[in-house]
Amino acid sequence: MPWTPRAKQVFTLAKEEAQRLKVGRIGTEHLLLGLLRDGDNLGAGMLEMLGIDLAEARRQMLRVIGKGE
């Protein structure tokens with residue numbers, strides 16, 4: 001099944017996150033960071049519907065992986 005343009009965008013952002021954090025692989029944490037950074041996708045929309053602040057979720061994820069901003 002081909003990837004949608006938005007899915008490709010999230011994967012591109014995940015790769016950028018991994019590179020920015022100087023990690024040699026893309027992990028689930030980078031996918032989440034990419035999803036949160038894009039903000040215009042189904043996953044981010046569902047998180048917002050649940051009352052999750054995307055910027056705060058991003059800050060907390062970075063804190064958890066030890067790369068807090």
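The legends below describe close-up views of a predicted model.

**View 1. Asn41, a buried residue in the loop between α2 and α3.** Asn41 lies in the loop that runs between α2 (28-38) and α3 (42-49), and with a relative accessibility of 10% this residue counts as buried. The side chain of Asn41 reaches the backbone nitrogen of Ala44 at 2.7 Å, and a polar atom of that side chain also lies 3.2 Å from the backbone nitrogen of Gly43. When neighbours within four places in sequence are left aside, the residues in contact with Asn41 are Arg6, Val10 and Leu35. The view therefore shows a residue that is classed as buried because its relative accessibility of 10% falls under the 20% limit.

**View 2. The salt bridge between Arg20 and Glu17 in helix α1.** Arg20 forms a salt bridge with Glu17, in which the closest N and O atoms are 3.1 Å apart. Because Arg20 and Glu17 are three residues apart in helix α1, about one helical turn separates them. The two partners fall into separate accessibility classes: Arg20 is partly exposed, with a relative accessible area of 40%, whereas Glu17 is buried, with a relative accessible area of 0%.

**View 3. The salt bridge between Glu17 and Arg37.** Glu17 also forms a salt bridge with Arg37, and here the closest N and O atoms are 3.1 Å apart. At 37% relative accessibility, Arg37 counts as partly exposed, while Glu17 is buried at 0%.

View 4. Arg25 forms a salt bridge with Glu29, the closest N and O atoms lying 3.5 Å apart. Arg25 has a relative accessibility of 49% and counts as partly exposed, whereas Glu29, at 18%, counts as buried. Elsewhere, salt bridges that share partners join Glu16, Glu17, Arg20, Arg37 and Arg58 into one network. The count of salt bridges comes to seven.

**View 5. The edge-to-face aromatic pair of Trp3 and Phe11.** A search of the whole structure finds one aromatic pair. Trp3 and Phe11 form this pair, with 4.9 Å from centre to centre and 65° between the planes, and the arrangement is edge-to-face. The geometry is given in this form because a pair of aromatic rings is described by the distance of the centres and the angle of the planes. Trp3 counts as exposed, with a relative accessibility of 54%, whereas Phe11 is partly exposed, with a relative accessible area of 36%.

**View 6. Lys15 in helix α1, shown together with Ile26.** Lys15 is found in helix α1, which spans residues 5-20, and at 47% relative accessibility this lysine counts as partly exposed. Although Lys15 and Ile26 are eleven residues apart in sequence, their C-alpha atoms are 6.1 Å apart in space.

Definitions and conventions
Residues numbered from 1 in each chain as written. Predicted model: local features only at pLDDT ≥ 70, side-chain atom pairs only at ≥ 80, totals over all residues. Heavy atoms only, no water. Helix = DSSP H or I, 4+ residues; strand = E, 2+ residues; numbered from the N terminus. Buried < 20%, exposed > 50% of the residue type's maximum accessible area, 1.4 Å probe, protein only. Polar contact = N/O pair within 3.5 Å; in protein donor to acceptor, adjacent residues only side chain to side chain. Contact = heavy atoms within 4.5 Å. Salt bridge = Lys/Arg side-chain N within 4 Å of Asp/Glu carboxyl O. Phe/Tyr/Trp six-rings, centres within 6.5 Å; stacked < 30°, edge-to-face > 60°.
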